[in-house]
Amino acid sequence: MTAGGPEQPHVVVIAPNLDRDDVGETGTSFRLIRAMADTGAVRLTVLVLQRPGRVPAAEQLPDLPVVAWPEPAWLLRFERFNAMLKPAIPPFYAKVRRWLRAEIAAGRRIDLVHQMLPRAPRYASPLAGLGLPYIIGPVGGAIPMPQAFRAPGAERWFTRLRDLDAQRFRHDPWLRRGFAGADLVMGVAPYMADVLADLDFGRFEPFLGIGVDDLPPAINRDVVPGQLQLLHVGRAVRTKGLREAVQALALVSDLPGVRLTVVGDGDDIAHARRIATESGVADRVDFLGKQPRGSIEALYESHDALLFPSFRESMGGVLYEAMRWGMPVITVDHGGPGYIVDDTSGLRVPLTTPDQLPRDLAVQIRRLATDPALRLALGQGARAKVETEALWPAKARRMITLYQSVLTRRIGGVHQKDMP
């Protein structure tokens with residue numbers, strides 16, 4: 001499909017490091033842009049920061065105008081530093097601003113600018129003061145470690161740098177100016193409205209920045225009362241709640257047909273193994289370590305429910321992965337999971353304390369294990385929710401609707417900050 005005709009709104013999308021082969025934000029943003037282009041409803045131009053060694057974005061999006069600036073190769077020698085602080089973003093944004101000014105001076109039509117990446121909200125926007133309507137987001141992250149779960153070793157030093165975000169939201173004039181000028185700020189989940197509360201901006205909309213490519217064939221699951229195969233997928237770090245998952249299993253020891261499979265590697269595996277041994281459920285927990293994608297898909301197909309008690313999760317792609325297979329979810333009603341999972345697709349527990357969380361999880365595990373009708377209904381609801389909102393064409397349509405809402409209000413002569 002071509003980039004579009006003159007009657008279509010021209011939207012410039014800022015998305016550094018787009019890569020269709022990536023599993024993170026650069027890959028999901030690529031899929032969203034691709035799906036929006038495929039609708040034919042908008043004319044897109046994409047501004048990117050091109051990483052050395054990756055397939056150029058212009059080759060990945062051959063039917064779209066792509067303007068690319070190279071990312072300095074020396075930064076790749078410091079991958080963790082580069083991933084956390086993204087030092088190439090400020091100079092990239094300076095180039096973006098110069099490019100936009102040149103387009104404006106040349107009289108070229110730009111109806112809307114969308115600052116899609118990076119997803120972290122800690123980067124000042126290059127769009128303030130240009131006179132163009134613009135959108136920021138979906139931004140995410142910046143979830144603080146819950147106070148009750150803070151302990152030595154509970155989080156890495158570089159994740160604690162996120163605690164500085166709140167101070168910058170209050171006091172950084174460049175960051176504040178960029179958000180204040182936006183017609184729309186999108187967050188990956190409703191919690192981001194609270195995270196960004198110290199910033200002065202108008203309209204906020206949640207827009208989950210993840211999706212799925214397709215739905216597997218529907219399967220008929222055998223549902224036997226008292227039998228429940230639980231699955232936990234993710235990096236074994238403290239915030240994923242793996243310890244609490246194993247503790248919850250121990251609290252339903254009177255249901256020996258309830259088992260837990262753990263997929264993923266990380267520092268918390270040793271703690272989870274110790275808890276399983278000390279609580280007498282080591283024979284009911286299978287630690288598989290890191291698995292290839294095909295094996296994980298087979299586990300989604302063969303297991304009954306996803307147990308994902310992550311308590312510092314901005315989104316939670318694993319939830320959609322499981323739900324597309326018709327798996328109900330048990331999760332924590334906090335951050336992204338609390339937004340993705342509703343009463344039709346899973347069971348949510350409150351974020352409380354490390355002592356109370358396993359008890360609450362055990363209650364919901366027992367419900368799924370002993371109520372086959374509930375398990376089947378939630379599994380069907382999970383698949384239906386993914387089909388309705390998580391497939392990329394559906395996400396593209398919603399994004400374009402948001403674009404149109406901004407443009408309609410601008411045509412009416414009202415900036416989003418002035419709307420009631």
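Me: The buried residues of helix 6 (173–180) pack against strand 5 (134–139), helix 5 (165–171) and strand 6 (184–187). Which residues of helix 6 are buried?

Reply: In helix 6, the buried residues are Leu175, Gly178, Phe179 and Ala180. Buried means under 20% relative accessible area, exposed over 50%, and partly exposed in between (1.4 Å probe, protein chains only). Packing here rests on contact, that is, heavy atoms within 4.5 Å. Helices are DSSP runs of H or I with at least four residues, strands are runs of E with at least two, and both are numbered from the N terminus.

Me: What is the origin of the coordinates, and how are residues numbered?

Reply: The model is predicted: local features need pLDDT of at least 70, side-chain atom pairs count only at pLDDT 80 or more, and totals for chains, interfaces and linings use all residues. Residues are numbered from 1 along each chain as its sequence is written, and side-chain values use heavy atoms, with hydrogens and water left out.

Me: What makes Asp172 a cap of helix 6?

Reply: A side-chain oxygen of Asp172 lies 3.0 Å from the backbone nitrogen of Trp174, at the N-terminal end of helix 6. A polar contact is a pair of N or O atoms within 3.5 Å; within protein, one must be able to donate a hydrogen and the other to accept it, and residues adjacent in sequence count only if both atoms are side-chain atoms.

Me: Why is the pair of Arg168 and Asp172 called a salt bridge?

Reply: The closest N and O atoms of Arg168 and Asp172 are 2.6 Å apart. A salt bridge is a side-chain nitrogen of Lys or Arg within 4 Å of a carboxyl oxygen of Asp or Glu, so the pair qualifies. Asp172 is buried because its relative accessible area is 15%, whereas Arg168, at 27%, is partly exposed.

Me: How do you know that Asp198 and Arg170 link distant parts of the chain?

Reply: Asp198 forms a salt bridge with Arg170, with the closest N and O atoms 3.1 Å apart. The two residues are 28 residues apart: Asp198 is in the loop between helix 7 (191–195) and strand 7 (204–206), and Arg170 is in helix 5. Asp198 has 34% relative accessibility and therefore counts as partly exposed; Arg170, at 39%, is partly exposed.

Me: How do you know that Glu244 is buried, and what is its salt-bridge partner?

Reply: Glu244 has a relative accessible area of 1%, so the residue is buried. Its salt-bridge partner is Arg238, with the closest N and O atoms 2.6 Å apart. Arg238 is buried, at 10%. Asp355 is 111 residues from Glu244 in sequence and 8.4 Å away in space, C-alpha to C-alpha.

Me: Why does Asp355 count as exposed?

Reply: Asp355 has 57% relative accessibility, and therefore counts as exposed. This residue lies in the loop between strand 13 (346–349) and helix 13 (356–370).

Me: How many salt bridges are there in the whole structure, and which residues form a network?

Reply: The search of the whole structure finds 26 salt bridges. Asp214, Arg293, Glu297, Glu321 and Arg324 are linked in a network.

Me: What makes a set of residues a nonpolar core, and how many residues does the largest one have?

Reply: A nonpolar core is a set of buried Ala, Val, Leu, Ile, Met, Phe, Trp, Tyr and Cys residues joined through side-chain atoms within 4.5 Å. The largest has 62 residues, and Leu306 is among those that touch the most other members. Helix 4 (89–105) gives the most to this core, with 6 residues. Apart from this core lies another, of 38 residues, including Leu242 and Ile269.

Me: Why is Ser405 called buried, and which backbone oxygen does its side chain reach?

Reply: Ser405 is buried because its relative accessible area is 18%. The residue lies in helix 15 (392–411), and its side chain reaches the backbone oxygen of Leu402 at 2.7 Å.
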